[in-house]
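Q: Hi! Could you walk me through this model while I have it open?
A: Happy to. Ask away, in any order you like.

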Amino acid sequence: MFATSSEDLGRVRFAWSPAWETLQAVRTLIDPRARLHHESWYAAIAGEAARLHLMQLLAVNPLRGSVPDFLARPPRTPAPTFHDQLAEIRSTPATQVAKDLKRCQATLRGAALETVDAMLAGPATARDLLADQLHAAWEQLVAPLWPRIQAVLDTDVAHRSRQLTDHGLRSMLDRIDPRIAWKDGTVIVDDGVDLTAEPRGRGLVLIPSVYVWPAVIAIADEPWQPAIAYPARGIADLWRPSAPPDALARLLGRTRALLLARLDRPASTTTLARLHGLSPGGTSKHLLAMRDAGLLAGTRYGHEVRYERTRLGNELVRRAERTGRPMQ
């Protein structure tokens, strides 16, 4: 529960968080419920996720329990970069890390408890290890598809901002999620935690998230600004392939047009194949053909090649979008 004042209500703001999304994406690796809207994404990244060493990050990310707030701190700006957030995480004082880990430890048992016990022996080392694992998860699981995720988050923020302007704070909050409500000047969050937070002039951050579903999560402990993370609108359609423009499909064929239209940001053959339900071999042939035609360029990242549109490919997609509707 958030006990708000008029000063706090005047300082409600929206922000999305790449670090938060990455932490929540890691949670889907152990929470089948959270994968309801992310099955194609999960299929695309499962192999890569299995090769990552995320034992400590998974241990502090329990399905039921406390997650260290220094890893999920509310963003200070509306649209931070992941690397800026990672730098903030790495700068967390060891005393704060120890405090957050002890709170997490109290909610754990079994192997996860043993892992956190070991980390408490060296909080600064644990902080750096968790930051390294979060960075690896971002690079391999989230960053290749971040533009699509960001588009959903931006759309949600724009929608909520219009509601706030047109209907006021109470109405906007009531429409976000049934578990977020306004009562007698207080913002109530039914997140399963018996906790009352008093922002005391620190305001409130509302964080849309594509991976937090089915939960709503409140962050209330100091020194962080109070925040509520909630499922963004449009999650169900996030991974559905969009139909390519008619003109592009007639020129290249539907599959190549679909791949070209998707590649405004780098993606690997495996990721594209799994997102679209294609065979890796067939996808590779399409990508190589478009690369040889000058529509795509490939750049090696570790053990994989990621493709993206060239200037010619961008121009072709833009012209096709202006001249025809998507092919159904």
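Q: Let's start with Thr22: which helix is it found in?
A: Thr22 is part of helix H2, which covers residues 18–27. Keep in mind that this is a predicted model.

Q: Is Thr22 buried or exposed?
A: Thr22 has a relative accessibility of 1%, and the cut-off for buried is under 20%, so Thr22 counts as buried.

Q: What does Thr22 touch, leaving out residues up to four places away in sequence?
A: Its contacts are Phe82, Leu134, Ala137, Trp138 and Val142.

Q: And how many residues of H2 are buried?
A: 10 of the 10, so H2 is largely enclosed by the rest of the structure. The buried residues include Trp20, Glu21, Gln24 and Arg27.

Q: Switching to H7, which of its residues are buried?
A: Helix H7 spans residues 110–119, and its buried residues are Thr115, Val116 and Met119. Looking down the axis of H7, these fall within an arc of 95°, so they line one face of the helix.

Q: Which exposed residues sit on the face of H7 turned away from that buried side?
A: Those are Glu114 and Ala118.

Q: What covers the buried residues of H7?
A: The cover includes three helices: H4 (55–59), H6 (94–105) and H8 (123–142).

Q: Now the open sheet of 4 strands. What is the strand order?
A: The order is S1-S4-S6-S5, and the pairing is mixed. Strand S1 (12–14) and strand S5 (217–219) are the edge strands, each pairing on one side only. From one strand to the next, the twist averages 20°.

Q: Which helix packs on the sheet?
A: Helix H9, residues 146–167, packs there and touches S1, S4 and S6. The direction of H9 makes about 135° with that of S4.

Q: How many bridges join S4 to S6, and do they run parallel or antiparallel?
A: Strand S4 (residues 204–209) and strand S6 (residues 227–231) run parallel, joined by 5 bridges. Val205 stands opposite Ala227 in S6, and Ser209 stands opposite Pro231 of that strand.

Q: How about S1 and S4: what is the sense of their pairing?
A: S1 and S4 also pair in the parallel sense, over 3 bridges. There, Arg13 stands opposite Val205 in S4.

Q: Which residues of S4 are buried on each side?
A: On one side you have Leu204, Leu206 and Pro208, and on the other Val205, Ile207 and Ser209. Both faces of S4 are covered. With 6 of the 6 residues buried, S4 is largely enclosed by the rest of the structure.

Q: Zooming out, how many helices and strands does the protein chain have?
A: The chain has 15 helices and 9 strands. Its radius of gyration is 22 Å, close to the 20 Å that the globule rule gives for 328 residues, so the chain is as compact as a globular protein of that length. The C-alpha trace spans about 60 × 50 × 30 Å along its principal axes.

Q: What share of the chain is buried?
A: Buried residues make up 48% of the 328. As for surface, the protein chain exposes about 15400 Å², with carbon and sulfur atoms supplying 52% of it.

Q: One more: among contacts between residues at least 6 apart in sequence, what share join residues at least 24 apart?
A: That share is 70%.

Key
Residues are numbered from 1 along each chain as its sequence is written. This is a predicted model: local features need pLDDT of at least 70, side-chain atom pairs count only at pLDDT 80 or more; totals for chains, interfaces and linings use all residues. Side-chain values use heavy atoms; hydrogens and water are left out. Two strands pair if DSSP finds at least two bridges between them. Helices (H or I, at least four residues) and strands (E, at least two) are DSSP runs, numbered from the N terminus. Axes are lines fitted to C-alpha atoms, for helices over the stretch in contact, and angles run from 0 to 180 degrees between N-to-C directions. Contact means heavy atoms within 4.5 Å. Buried means under 20% relative accessible area, exposed over 50%, partly exposed in between (1.4 Å probe, protein chains only). The arc is that of the directions from the helix axis to the C-beta atoms. The radius of gyration is taken over C-alpha atoms; the globule rule is 2.2 Å times the number of residues to the power 0.38. Accessible areas come from the Shrake-Rupley method with a 1.4 Å probe; for residues, only the protein chains shown count as cover.
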